[in-house]
Amino acid sequence: MLDNFSPERTKGAVEIIRAWEKENGKHIEIESSGGITIDTIHDYAITGVDFVSVGALTHSIKSLDMSGISPSPIPIWRCVPIVPPARIAAFSGSTAHISI
């Protein structure tokens, strides 16, 4: 997990990790998180990380009580905005994890 790294610092860390992987024949899944927004997700996606966590997807959404409006629960996939070319891989707390 690369938390609160700038895109430039993330790219440097990814290069170091990928070099270690080559030397050791192992793969490490790298996730970038912290301070990433819809406007900056592309900058992080092109650094070579495997996942990008964007808390802004859920932190910036205002809630709406729909308990009396819909006869059945709304599937979560219809409530979450998708950011092309990424896809939502998982949820952890209030953070949506984006798979690149």
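1. Phe 5 is buried, with a relative accessible area of 17%; buried here means under 20% relative accessible area, exposed over 50%, and partly exposed in between, with a 1.4 Å probe and protein chains only. The residue is found in the loop between strand 1 and helix 1. Helices (H or I, at least four residues) and strands (E, at least two) are DSSP runs, numbered from the N terminus.

2. This is a predicted model, in which local features need pLDDT of at least 70 and side-chain atom pairs count only at pLDDT 80 or more, while totals for chains, interfaces and linings use all residues. Residues are numbered from 1 along each chain as its sequence is written, and side-chain values use heavy atoms, with hydrogens and water left out.

3. The chain contains three helices and five strands, and their order along the sequence is β-α-β-α-β-α-β-β. Of the 100 residues in the chain, 31% are buried. Among contacts (heavy atoms within 4.5 Å) with a separation of 6 or more, 48% join residues 24 or more positions apart. The chain exposes about 6,800 Å², of which carbon and sulfur atoms supply 57%; accessible areas come from the Shrake-Rupley method with a 1.4 Å probe, and for residues only the protein chains shown count as cover.

4. Helix 1 spans residues 7-24, 18 residues in total, and reaches 25 Å from its first C-alpha to its last, close to the 26 Å expected at 1.5 Å a residue. The expected span is 1.5 Å times one less than the number of residues in the helix. The buried residues in helix 1 are Pro 7, Thr 10, Ala 13, Val 14, Ile 17 and Glu 21. Viewed down the axis of helix 1, its buried residues fall within an arc of 120°, so they line one face of the helix; the arc is that of the directions from the helix axis to the C-beta atoms.

5. The cover over the buried residues of helix 1 includes strand 1 (2-3), strand 2 (31-33) and helix 2 (41-45). On the face turned away from the buried side, helix 1 carries the exposed residues Glu 8, Arg 9, Ile 16, Lys 22 and Glu 23. Just after helix 1, Gly 25 has a positive phi of about 65°.

6. Asn 4, in the loop between strand 1 and helix 1, is exposed at 54% relative accessible area, and its phi is near 60°, a positive value in a residue other than glycine. Most residues other than glycine have a negative phi. Phe 5, leaving aside its neighbours within four places in sequence, is in contact with Thr 10, Ala 13 and Tyr 44. Phe 5 and Tyr 44 are 39 residues apart in sequence, and their C-alpha atoms are 9.5 Å apart in space.

7. Arg 9 lies over the face of Phe 5, at 4.1 Å from the ring centre. A charge sits over a ring if NZ of Lys or CZ of Arg is within 6 Å of the ring centre and within 35 degrees of the ring normal.

8. Ser 32 belongs to strand 2 and is buried at 1% relative accessibility. Not counting residues up to four places away in sequence, Ser 32 touches Leu 2, Thr 10, Tyr 44, Val 49, Phe 51, Val 52 and Ser 53.

9. Gly 55 lies in the loop between strand 3 (51-54) and helix 3 (56-59) and is buried, with a relative accessible area of 12%. Gly 55 and Ser 33 are 22 residues apart in sequence and 8.2 Å apart in space, C-alpha to C-alpha.
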